[in-house]
Amino acid sequence: MKLLFDQNISYRILQLLPDSFSDCRQVGVVGLHNSKDSDIWQFAKQNNFTIVTFDSDFFDMSILHGSPPKVVWLRTGNIPTSGLAERMILNFSTISSFIDNPEQSCLDIF
């Protein structure tokens, strides 16, 4: 599963996720710290990542441009990184199914 965590999600999440999330990256780790959303979008598209974000702007981009990339929009409110990692693990099968479904471009996780 190739997930690209947006800048507003700590890179520390990568250390908290199990091996099933081993292909995940955070934008700062791939050299996109403080990049424009459009640059992150292009990187994700070119490298087959699904964007994971708290930011509604990526949802809007998915409406305008379609996918790829796909977007996982976290609508959990402000939770610690450990709680976010737990939420991702709990939703692993939902996220996997979403990524495999060509009909969907955005998944909301509450």
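Which residues of the largest nonpolar core touch the most other members? Some notes on that and the rest of the fold follow.

1. **Ground rules.** This is a predicted model, where local features need pLDDT of at least 70, side-chain atom pairs count only at pLDDT 80 or more, and totals for chains, interfaces and linings use all residues. Residue numbers start from 1 along each chain as its sequence is written, and side-chain values use heavy atoms, with hydrogens and water left out.

2. **The core.** To take up the opening question: L3, F5, I13, V52, V72, L74 and M88 touch the most other members, out of 17 residues in the largest nonpolar core. Such a core is a set of buried Ala, Val, Leu, Ile, Met, Phe, Trp, Tyr and Cys residues joined through side-chain atoms within 4.5 Å. Two or more residues come from each of β1, β4 (71-74), α4 (81-90), α5 (92-100) and β5. The largest share, 3 residues, is from α4. For the element names, helices (H or I, at least four residues) and strands (E, at least two) are DSSP runs, numbered from the N terminus.

3. **The sheet.** There's an open sheet of 5 strands, in the order β2-β1-β3-β4-β5, and the pairing is parallel. At the edges sit β2 (25-26) and β5 (106-109), each pairing on one side only. Pairing here takes at least two bridges found by DSSP between two strands. Strands β1 (residues 3-5) and β3 (residues 50-53) run parallel and are joined by 3 bridges. F5 has V52 as its bridge partner in β3.

4. **Cysteines.** If you were wondering about disulfides, a search of the whole structure finds 0; the cut-off is a pair of cysteine sulfur atoms within 2.5 Å. For C24, the closest cysteine sulfur is in C106, 17 Å away, which is too far for a bond. C24 is buried at 4% relative accessibility, and C106 is buried too, with a relative accessible area of 18%. The classes are buried under 20% relative accessible area, exposed over 50% and partly exposed in between (1.4 Å probe, protein chains only).

5. **Two cis peptide bonds in one loop.** Have a look at the loop between α3 and β4, where P68 is found and P69 too has its place. The bond joining S67 and P68 is cis, with omega about 10°. The bond from P68 to P69 is also cis, with omega near -5°. As background, most residues other than glycine have a negative phi, and most peptide bonds are trans.

6. **Positive phi.** N34, in the loop between β2 and α2 (37-46), has a positive phi near 60°. N34 is exposed at 58% relative accessibility. N48, in the loop between α2 and β3, likewise has a positive phi near 60°. N48 is exposed, with a relative accessible area of 58%.

7. **The largest pocket.** N48 turns up again here: the lining is M1, K2, N48, F49, T50, S67, P68, P69, K70 and I99. By class that is 5 nonpolar, 3 polar and 2 charged residues.

8. **D57.** This residue lies in helix α3 (residues 56-65) and is partly exposed, with a relative accessible area of 36%. D57 and S38 are 19 residues apart in sequence, and their C-alpha atoms are 9.8 Å apart in space.

Conventions. On a 1 Å grid over the protein atoms alone, a cavity is a set of points where a 1.4 Å probe fits but cannot get out, and a pocket is an open set with protein on both sides within 12 Å along at least five of seven lines; lining residues have an atom within 4 Å of a point. Ala, Val, Leu, Ile, Met, Phe, Trp, Tyr, Cys and Pro count as nonpolar, Asp, Glu, Lys and Arg as charged, and the others, Gly among them, as polar.
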